[in-house]
Amino acid sequence: SAKETILNEEQSLVLSAVEQKIRVSSNPVFLLEGITGSGKTEVYIEIAKKRLAEGKSVLILVPEIALTAQLRSRFENSLGHPVALWHSALAEGLRQVQWKKIKSGEIKVVIGARSAVFAPMNNLGMIVVDEEHDQTYKQEERFRYQARDLAVYRGHLQKIPVVLGSATPSLESIQRVRDGRYVHLKINRRFSGQLLPEIKLISLSEEQ
């Protein structure tokens, strides 16, 4: 069963803004900017719950294979749904089994690295690209592509919302916000309430 997620005020406002926009637009793209530790993942989880409640599936992209297993347990515990991993390090037998379960709709949540943007998801309802600024979303050898941009294009084709998350958004995404193509949402505080570390600038010329 799904586990309740407690959101703070900022996260709740972001979630409300996302859901309001989804109701009036078939393919909104959101740039969710939040400092490290601000709780972007909890927002992804709550948006995912709403899509699953509508009978739809959810795709989450992360920049590194190592992050997929970490997120899997958080999403499974919070959503009450099995989560499949999708990345190049999966054993071929497991990949084939999961491919069938994803395509049939038996598994509705996929977390994966850049190649997961091609996952054969049934009735897709949302795509999340976490750390959207990360250069590892670019596939440079053989078949070249940018997974973040393909995720946005897939969202456009399937008329579904796309959420791009980052503490340091890419220049491309910032420009698309300025052009009015993306909806810019911000979380300014850490989820735990902890203050950011104090930063002091030291002039090396004065220290010498």
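Trainee: Where does Lys-108 lie?

Mentor: Residues are numbered from 1 along each chain as its sequence is written. The model is predicted: local features need pLDDT of at least 70, side-chain atom pairs count only at pLDDT 80 or more, and totals for chains, interfaces and linings use all residues; side-chain values use heavy atoms, with hydrogens and water left out. Helices (H or I, at least four residues) and strands (E, at least two) are DSSP runs, numbered from the N terminus. In these terms, Lys-108 is found in the loop between H4 and E4.

Trainee: Is Lys-108 buried, partly exposed or exposed?

Mentor: With a 1.4 Å probe and protein chains only, buried means under 20% relative accessible area, exposed over 50%, and partly exposed in between. Lys-108 has a relative accessible area of 28%. The residue is therefore partly exposed.

Trainee: Which residues is Lys-108 in contact with, leaving aside its neighbours within four places in sequence?

Mentor: Contact means heavy atoms within 4.5 Å. With the neighbours within four places in sequence left aside, the partners of Lys-108 are Leu-52, Gly-55, Lys-56, Ser-57, Val-58 and Met-121.

Trainee: Which residues of strand E4 are on its two sides, and are they buried or exposed?

Mentor: In a regular strand the side chains alternate between the two faces of the sheet. In E4 (residues 109-112), Val-109 and Ile-111 are on one side, and Val-110 and Gly-112 are on the other. Both faces are covered, and all four of these residues are buried.

Trainee: Which residue in E4 is the bridge partner of Leu-85?

Mentor: E3 (residues 83-86) runs parallel to E4, and four bridges join the two strands. Trp-86 stands opposite Gly-112 in E4. For Leu-85, the bridge partner in E4 is Ile-111.

Trainee: Of which handedness is the β-α-β unit made by E3, H4 and E4?

Mentor: A crossover is right-handed if, with the strands pointing away from the viewer, the path from the first strand over the helix to the second runs clockwise. The unit consists of E3, H4 (residues 92-104) and E4, and its handedness is right-handed.

Trainee: Which strands are at the edges of the open sheet?

Mentor: The open sheet has seven strands in the order E3-E4-E2-E5-E8-E1-E9, with parallel pairing. An edge strand of this sheet pairs on one side only, and this holds for E3 and E9 (183-187).

Trainee: What angle does the direction of H1 make with that of E9?

Mentor: Axes are lines fitted to C-alpha atoms, for helices over the stretch in contact, and angles run from 0 to 180 degrees between N-to-C directions. Neighbouring strands of this sheet are turned by 20 degrees against each other on average, direction ignored. H1 (residues 9-24) packs on the sheet, touching E1 (29-34) and E9, and its direction makes with that of E9 an angle of about 165 degrees.

Trainee: Why does H2 count as oblique to H3?

Mentor: Angles under 35 degrees count as roughly parallel, over 145 as roughly antiparallel, 65 to 115 as roughly perpendicular and the rest as oblique. H2 (residues 40-53) and H3 (residues 65-79) have axes 10 Å apart and pack at an angle of about 50 degrees. That angle makes H2, relative to H3, oblique.

Trainee: Is Arg-51 buried or exposed?

Mentor: Arg-51 has its place in helix H2. Its contacts, leaving aside neighbours within four places in sequence, are with Glu-19, Ile-22, Lys-56, Val-58, Gly-125 and Met-126. With a relative accessible area of 2%, Arg-51 is buried.

Trainee: What is the phi of Glu-131?

Mentor: Most residues other than glycine have a negative phi, and most peptide bonds are trans. Glu-131 lies in the loop between E5 (124-130) and E6 (138-139). At 24% relative accessibility, Glu-131 counts as partly exposed. Although Glu-131 is not a glycine, its phi is positive, at about 55 degrees.

Technical notes:
Pairing = 2+ DSSP bridges.
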